[in-house]
Amino acid sequence: MENKEKKFDFETIADSIDFGFGTEFSLEHTVMAGAQLHVKTAPSIIKALVGVSESGLYGWTPSNETQYIQAIVNWMSEIRHWEIQKEWIVPSYGILQAICASIRAFTNPGDGIIVQQPVYLLYARAIRNCGRKLVDSPLLCRDGYYEMDFESLEEQMRKPENRLMLLCNPHNPTMDVWEKKDLQKVAALAAKYHVIVVVDEIFAEHVWEEGLMVPYGALEEGRENCIICTSLGKAFNFTGTSHSNIIIPNRAIREAYITQRDSDHYGSLSPFMRAALLGAYSKEGKEWIDALMEFGRENEALVRTFFAENFPQIKVYRHRAGTLLWVDYRGLGMTEEEVAAWFERAGVEPDLGSKYGEAGTGFLRLQIGMPRCELQGALERLRQQSSIG
């Protein structure tokens, strides 16, 4: 870990860098909301972007550019252990845009889109903006983790108006990982009832345990009716850009998706995103992710210890990916408004669990992917500002 920390900078607070973004920064106000890391991205990406910036050529870039497509194929094989074909890759303008294109391509206005709450809040907006109905198959809350309710899921898939499911793996906001047996059950149900599964795998590179993350498209049961969403967004802290690479093994589904994507005015690759991906999907990019996850493990241990020692009524749920924590504060006996006020007094901004559906009430999502000095300051202010216990 020492060598990795020396090689990569996880101590500069990226939000404090003044580059004319118009955003305010203060060490007395820590934003633990959102999925954006507070550290700089991988040096290999920065180097690649500097190169294209200095070239002065920012023109049209074909989406099937050989080096770009091959980098994706290689990364999926070497990092996700998923062998894909070049023609399966469909570059798009962001995962939410891709989700909307999928919804419009394969469902009709008024149809139901299945989700599993608590889940990423912007799925609901995408469903609403597409004129469809959100159909919830709530997760089952156990002692410190969640399970899928397959009886509920089958009940919803059985309905002919529910022709598409949004599956998030690793799951946001809980940052737990659906195991192979879970994915196989989903795939079997989807095949039985002819439901297309759109799988958001934007956090896949951040899974801590080797071999735990199974790409849904690699499952024999799921390959022919899935749309897999990938991106640099979460893996490399690139959420401020609109890009994604959608992987669709089934030819008919792929062609229908492309038709809808192009009708939404898709043009070409951003030359900057081409450069960024080539810098990211490299040996150096993987080394940076590995170092980031080690750093994240230490931050998670710090937060777990903090709550255990100062607020034992607060429980951190099972966490197997990334730098977002799902925290259960129901043991405090406080309302969401009271907890929000406590955090506000401490100058800390969390994501309130109710944003992720009714099942999220009583929880917080906390971003811990930040320099330790910033994280420790936030925790200390929480301790000082609370009258609990």
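Reply: Phe 8, Phe 10, Trp 75, Phe 236, Tyr 281, Trp 288 and Phe 295 are linked into a cluster by ring pairs. Two rings of Phe, Tyr or Trp (for Trp, the six-membered ring) pair if their centres lie within 6.5 Å; planes under 30 degrees apart count as stacked, over 60 as edge-to-face and the rest as tilted. The count by this rule is 18 aromatic pairs. The model is predicted, so that local features need pLDDT of at least 70 and side-chain atom pairs count only at pLDDT 80 or more, while totals for chains, interfaces and linings use all residues. Residues are numbered from 1 along each chain as its sequence is written, and side-chain values use heavy atoms, with hydrogens and water left out.

Another ring, that of Tyr 266, has the charged end of Arg 261 over it, 4.0 Å from the ring centre. The criterion is NZ of Lys or CZ of Arg within 6 Å of the ring centre and within 35 degrees of the ring normal.

Trp 75 leads from the cluster to a helix contact, as one of the residues with which H3 touches H9. Helices (H or I, at least four residues) and strands (E, at least two) are DSSP runs numbered from the N terminus. Helix H3 (residues 66–78) packs against helix H9 (residues 271–280) at an angle of about 35°, the axes being 10 Å apart. Axes are lines fitted to C-alpha atoms, for helices over the stretch in contact, and angles run from 0 to 180 degrees between N-to-C directions. Besides Trp 75, H3 contributes Gln 67, Tyr 68, Ala 71 and Ile 72, and H9 supplies Met 273, Arg 274, Leu 277, Leu 278 and Ala 280; contact means heavy atoms within 4.5 Å.

From H2, the contact takes in Ser 44, Ile 45, Ala 48, Leu 49, Val 52 and Ser 53; from H9, Pro 271, Phe 272, Ala 275, Ala 276, Gly 279 and Ala 280. Nine of these residues are nonpolar, three are polar and none is charged.

Methods
Ala, Val, Leu, Ile, Met, Phe, Trp, Tyr, Cys and Pro count as nonpolar, Asp, Glu, Lys and Arg as charged, and the others, Gly among them, as polar.
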